[in-house]
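Here is a friendly briefing to read alongside the model. Please keep the sequence and the 3D view open as you go.

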Amino acid sequence: MDVELGVHAPYYTNLASEDCSDVERIMNWVELARYLKARVAVVHPGFVKGMERGEAIELAIKNLRRIRDKMRDRDMDTYLGLEVMGRPDLIGNLEETLMMTKRIKHTIPVLDIAHIRAEMDLTTK
């Protein structure tokens with residue numbers, strides 16, 4: 001059977017923060033992905049809390065690049081997957097996720113249809 005494995009980091013991590021503890025927490029999951037020979041380690045980019053949305057996105061990008069650099073330094077070929085989120089307080093609607101994956105090498109979008117559907121429901125009410 002031809003199956004590719006992915007590993008999903010905990011949902012509660014927040015990369016839109018100056019606190020780098022979540023960078024290290026996610027690296028633990030990326031290490032697990034490498035051990036399991038997973039093609040992708042999926043993360044939630046973070047949430048908007050006490051700052052402008054654009055500032056939160058830039059912080060998340062900065063921390064995602066830190067993770068990507070650590071992965072490169074450790075010779076990891078696992079992709080970092082940015083999951084599309086479905087709430088306004090979370091970074092990573094479809095447009096933002098596609099923009100971030102264009103700006104950060106070795107990342108891919110991960111489409112969660114339930115999240116996309118939730119976002120559609122929120123914007124059409």
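Strand 3 and strand 4 (residues 107–110) pair in the parallel sense, over 4 bridges; two strands count as paired if DSSP finds at least two bridges between them. This is a predicted model, in which local features need pLDDT of at least 70 and side-chain atom pairs count only at pLDDT 80 or more, while totals for chains, interfaces and linings use all residues. Residues are numbered from 1 along each chain as its sequence is written, and side-chain values use heavy atoms, with hydrogens and water left out. Helices (H or I, at least four residues) and strands (E, at least two) are DSSP runs, numbered from the N terminus.

- Strand 3, helix 3 (residues 94–103) and strand 4 make a right-handed β-α-β unit; right-handed here means that, with the strands pointing away from the viewer, the path from the first strand over the helix to the second runs clockwise.
- Strand 3 (residues 79–83) is mostly covered, with 4 of its 5 residues buried; buried means under 20% relative accessible area, exposed over 50%, and partly exposed in between (1.4 Å probe, protein chains only).
- Strand 3 also runs parallel to strand 2 (residues 40–43), and 4 bridges join them.
- The chain gets from strand 2 to strand 3 through helix 2 (residues 53–73), and this β-α-β crossover is right-handed.
- Two places to look along this pairing are Ala 41, whose bridge partner in strand 3 is Leu 80, and Val 43, which stands opposite Leu 82 in strand 3.

- Strand 1 (residues 6–8) pairs with strand 2 in the parallel sense over 3 bridges.
- His 8 has Val 42 as its bridge partner in strand 2.
- From strand 1 the chain crosses through helix 1 to strand 2, and this β-α-β crossover is right-handed.

**How the helices pack**

- Helix 1 and helix 2 have axes that come within 10 Å and cross at roughly 40°; axes are lines fitted to C-alpha atoms, for helices over the stretch in contact, and angles run from 0 to 180 degrees between N-to-C directions.
- That angle makes helix 1 oblique to helix 2, because angles under 35 degrees count as roughly parallel, over 145 as roughly antiparallel, 65 to 115 as roughly perpendicular and the rest as oblique.
- The crossing of helix 1 and helix 2 is right-handed; a crossing is right-handed if the near helix is turned clockwise from the far one by less than a right angle, and left-handed if anticlockwise.
- Helix 2 and helix 3 pack at an angle of about 40°, with axes 11 Å apart, and are therefore oblique to each other.
- Helix 2 passes helix 3 in a right-handed crossing.

**Residues with a positive phi**

- Most residues other than glycine have a negative phi.
- Lys 37 is not a glycine, yet has a positive phi of about 60°.
- Lys 37 is found in the loop between helix 1 (21–35) and strand 2, and counts as exposed at 74% relative accessibility.
- His 106, also not a glycine, has a positive phi of about 65°.
- His 106 lies in the loop between helix 3 and strand 4 and is partly exposed, with a relative accessible area of 32%.

**The aromatic pair**

- The structure holds 1 aromatic pair; rings of Phe, Tyr and Trp (its six-membered ring) pair if their centres lie within 6.5 Å, and planes under 30 degrees apart count as stacked, over 60 as edge-to-face and the rest as tilted.
- Tyr 11 and Tyr 12 form this edge-to-face pair, at 5.7 Å centre to centre with 80° between the planes.
- Tyr 11 counts as exposed, at 63% relative accessibility.
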